[in-house]
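Let's take a quick walk through this one.

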Amino acid sequence: MAGSTMLKLIATAFVCVIVVAPQAKAHYAPDPLSFVLEMAVLSPCYGFMETGKTDSLFFNELFCCVGFRLVNSFAYSSQTSLRDTCYIIENFVKLFKFNLEYGKELCRKCNINSTYAFEPSINCSTLRLP
């Protein structure tokens with residue numbers, strides 16, 4: 001059952017890349033491969049982001065936090081990566097209608113200090129590396 005949901009999550013990411021990315025050419029769109037890879041890495045966080053509960057069938061704290069740290073490290077590797085990751089997380093939250101407060105709680109659970117994640121007022125195009 002978990003494998004089926006993971007497959008649906010990845011399939012949804014591919015559909016977004018195929019359908020949304022071409023329409024987003026008027027403004028910046030992240031690399032489709034980065035989008036799919038980051039969505040897959042963040043997929044263990046899905047259950048928590050949906051419900052805010054750690055006992056969700058689709059939440060694995062260890063893999064979620066490891067994946068989130070990996071994405072965060074990638075984000076701060078270059079200006080382009082920071083912008084890409086910001087857009088990807090923004091779309092991840094919108095696509096699945098996640099609660100931003102759960103995202104902020106996830107940052108605390110995983111001990112991640114992120115300047116771009118889960119803030120509705122963040123403008124990804126103006127983010128700068130610290």
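## The buried side of H6

In helix H6 (residues 100-109), the buried residues are Gly103, Leu106 and Cys107. Because they span an arc of only 100 degrees around the axis, they end up on the same side of H6.

What do the buried residues of H6 pack against? Their partners are helix H3 (46-51) and H4. Keep in mind that this is a predicted model.

## H4 against H5

H4 also has a neighbour in H5. Helix H4 (residues 61-75) packs against helix H5 (residues 79-96) at an angle of about 140 degrees, and their axes lie 7 Å apart. Angles over 145 degrees would count as roughly antiparallel, so this one makes H4 oblique to H5.

On the H4 side, the residues making the contact are Phe68, Val71, Phe74 and Ala75, and they meet Ser81, Leu82, Thr85 and Ile89 of H5. Sorted by class, that contact comes out as 6 nonpolar and 2 polar residues, with no charged ones.

## Stepping back

Now for the whole chain. The protein has 6 helices and 0 strands, so reading from the N terminus you simply get α-α-α-α-α-α.

Of the 130 residues, 40% are buried. Among contacts with a separation of 6 or more, 70% link residues 24 or more positions apart. As for the surface, the protein exposes about 7,300 Å², with carbon and sulfur atoms supplying 61% of that area.

Notes
Residues numbered from 1 in each chain as written. Predicted model: local features only at pLDDT ≥ 70, side-chain atom pairs only at ≥ 80, totals over all residues. Heavy atoms only, no water. Helix = DSSP H or I, 4+ residues; strand = E, 2+ residues; numbered from the N terminus. Buried < 20%, exposed > 50% of the residue type's maximum accessible area, 1.4 Å probe, protein only. Contact = heavy atoms within 4.5 Å. Areas by Shrake-Rupley, 256 points an atom, 1.4 Å probe, with all protein chains shown as cover. Axes fitted to C-alpha atoms, helices over the stretch in contact; angles between N-to-C directions. Parallel < 35°, antiparallel > 145°, perpendicular 65-115°, else oblique. Nonpolar A, V, L, I, M, F, W, Y, C, P; charged D, E, K, R; others polar. Arc of directions from axis to C-beta.
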